[in-house]
Amino acid sequence: MKDGAAVFIKRVVRNASETDVQQYLLSDGRQDDPSNHTCPVLDVFRDPEDEEYEFLVLPVLRIFDDPPFDAVDDVFEFVKQTLEVRRSWKKP
């Protein structure tokens, strides 16, 4: 990005509504819900080589193990949140 911020670029199927779901989860105060782990979407652009896909630009919030896990409960919470995201994935 122009400001030097680190970002992830995620390729998604356009018709899968992932962009719409992300924007919904970040609207109308939903981002304040403690169970909402949705990452903000900085930008969206179409794949110039394949109309079926688009790219979401997401900020790098932090490296997954920084700060390091101090307790087993921290590891369990990390795995729980990771599996919540994994469960929502669909193969294109």
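This is a predicted model: local features need pLDDT of at least 70, side-chain atom pairs count only at pLDDT 80 or more; totals for chains, interfaces and linings use all residues.
Q: Which side chains meet in a salt bridge with Lys-10, and at what N to O distance?
A: Lys-10 meets Glu-18, at 2.6 Å from N to O. A salt bridge here is a side-chain nitrogen of Lys or Arg within 4 Å of a carboxyl oxygen of Asp or Glu. Residues are numbered from 1 along each chain as its sequence is written, and side-chain values use heavy atoms, with hydrogens and water left out.

Q: How many salt bridges does a search of the whole structure find?
A: Four. One of them pairs Arg-11 with Asp-47, with the closest N and O atoms 3.3 Å apart. Arg-11 lies in strand S1 and Asp-47 in the loop between S2 and S3, so this pair ties together parts that are 36 residues apart in sequence. By the way, helices (H or I, at least four residues) and strands (E, at least two) are DSSP runs, numbered from the N terminus.

Q: And which side chain meets Asp-50 in a salt bridge?
A: Arg-11 again, at 3.8 Å from N to O. That pair also links distant parts of the chain, since Asp-50 is in the loop between S2 and S3 and Arg-11 is in strand S1, 39 residues away. Salt bridges with shared partners join Arg-11, Asp-47 and Asp-50 into one network.

Q: Let's switch to the fold. What order do the elements run in from the N terminus?
A: They run β-α-β-β-α, with two helices and three strands in the protein chain.

Q: How are the strands arranged in the sheet?
A: The three strands form an open sheet in the order S1-S3-S2, with antiparallel pairing. Strand S1 (7-13) and S2 stand at the edges with a single partner strand each, so one side of each has no neighbour in the sheet. Neighbouring strands are turned by 25° against each other on average, direction ignored. Two strands pair if DSSP finds at least two bridges between them.

Q: How many bridges join S2 to S3?
A: Four, and the two strands run antiparallel; S3 covers residues 53-59. Within that pairing, Val-44 stands opposite Leu-56 in S3.

Q: Where does H1 lie?
A: H1 lies across S1, S2 and S3, and runs at about 30° to S3. For that angle, axes are lines fitted to C-alpha atoms, for helices over the stretch in contact, and angles run from 0 to 180 degrees between N-to-C directions. Contact means heavy atoms within 4.5 Å.

Q: What is Asp-43 in contact with, leaving aside neighbours within four places in sequence?
A: Phe-55, Leu-56 and Val-57. Asp-43 sits in strand S2 (residues 43-46) and counts as partly exposed because its relative accessibility is 41%. Its C-alpha atom is 9.4 Å from that of Ile-9, a residue 34 places away along the chain.

Q: And what's up with phi of Asp-28?
A: Phi of Asp-28 is near 50°, a positive value in a residue other than glycine. Most residues other than glycine have a negative phi. Asp-28 is found in the loop between helix H1 (18-25) and S2, and is exposed because its relative accessible area is 73%.

Q: Last one: which residues make the nonpolar surface patch?
A: Ile-63, Phe-64, Phe-69, Val-75, Phe-78, Val-79 and Leu-83 make a patch of about 600 Å². Patches are made of residues with over 30% relative accessible area and no salt bridge; like charges are joined within 9 Å, and nonpolar side chains (Val, Leu, Ile, Met, Phe, Trp, Tyr) within 5 Å. Areas come from the Shrake-Rupley method with a 1.4 Å probe; for residues, only the protein chains shown count as cover. Val-75 lies in helix H2 (residues 72-88).

How values were computed
Buried means under 20% relative accessible area, exposed over 50%, partly exposed in between (1.4 Å probe, protein chains only).
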